[in-house]
Amino acid sequence: MNMSMSQNRRGVGCPSCSPSEPTVHEVLSKGGGRHTVRCTACGHVHKVSAETQQEIERDVIISQDGDSFATTTEVSPEEQIAVGDEFIVDSDAAIMLVRVTGIEVGPEQRAEDASVGDIRTIWTRAIDNVAVSATVNPKEGTGARESTRSFEIQLPGDHEFTVGETVSFGDEEFLIKAIQVRRDAPEYRHGKLEHDGDMVYARDIKRVYGTDQTTSAWSAW
């Protein structure tokens, strides 16, 4: 999907790995009415016409850490957008990677996918930096009198969490027992993952469940 690419990135077909569907390409050089580009999916270098299809502007709502703000993006009218798609938004506030969480095609009308020409607003969530919610229980047999507690961890979206591993964040240390996956995460089976070795990126996590591993975080009788 070619959405809001900067002048140094283009969405075009790759003759090596994707001749019929556009992939993100880096623009290596320009001149003579043609661009030399490199496919970010397979690394193939080739030339394309400098001419680009006329794009149209669409409203975008970006959710980040519980707050939302509105901006716009330019996209080809022939593009098809679906919930779960990811693209770069170059707004006045920042350049950020977002994931589509909803598509508004009419007043109070939502769709799982639609052509850009039919879309009024694209609802998204920032995923390059995210807040991961964690719920941690006291370790069994400690006689802890404090109840289960919850907190948030600020992390890059590509940080990995794996069930069965012990992690530390500042004063927090806990064993990951389960991970609740977000509904808009496309690459996992949805629901709660509870088997050792199950891995989820921070951008795809709704909540992490763990058992406390610190020696001082819990007050004993």
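**Reading contacts, strands and salt bridges**

User: Which residues does Val105 touch, not counting residues up to four places away in sequence?

Analyst: A contact means heavy atoms within 4.5 Å. By that rule, Val105 touches Ala111, Ala114, Asp118 and Arg120. This is a predicted model: local features need pLDDT of at least 70, side-chain atom pairs count only at pLDDT 80 or more, and totals for chains, interfaces and linings use all residues. Residues are numbered from 1 along each chain as its sequence is written, and side-chain values use heavy atoms, with hydrogens and water left out.

User: In what sense do S3 and S4 pair?

Analyst: Strands of a sheet pair through backbone hydrogen bonds, either parallel or antiparallel. Two strands count as paired if DSSP finds at least two bridges between them. Strand S3 (residues 34–39) and S4 pair in the antiparallel sense, over five bridges.

User: How many salt bridges does the structure hold?

Analyst: Look for a side-chain nitrogen of Lys or Arg within 4 Å of a carboxyl oxygen of Asp or Glu. The structure holds seven salt bridges. Among them, Arg99 and Glu86 have their closest N and O atoms 2.7 Å apart. Arg99 sits in strand S9 and Glu86 in strand S8 (residues 86–90), 13 residues apart. Arg99 is buried at 0%, whereas Glu86 is partly exposed at 33%.

Key:
Helices (H or I, at least four residues) and strands (E, at least two) are DSSP runs, numbered from the N terminus. Buried means under 20% relative accessible area, exposed over 50%, partly exposed in between (1.4 Å probe, protein chains only).
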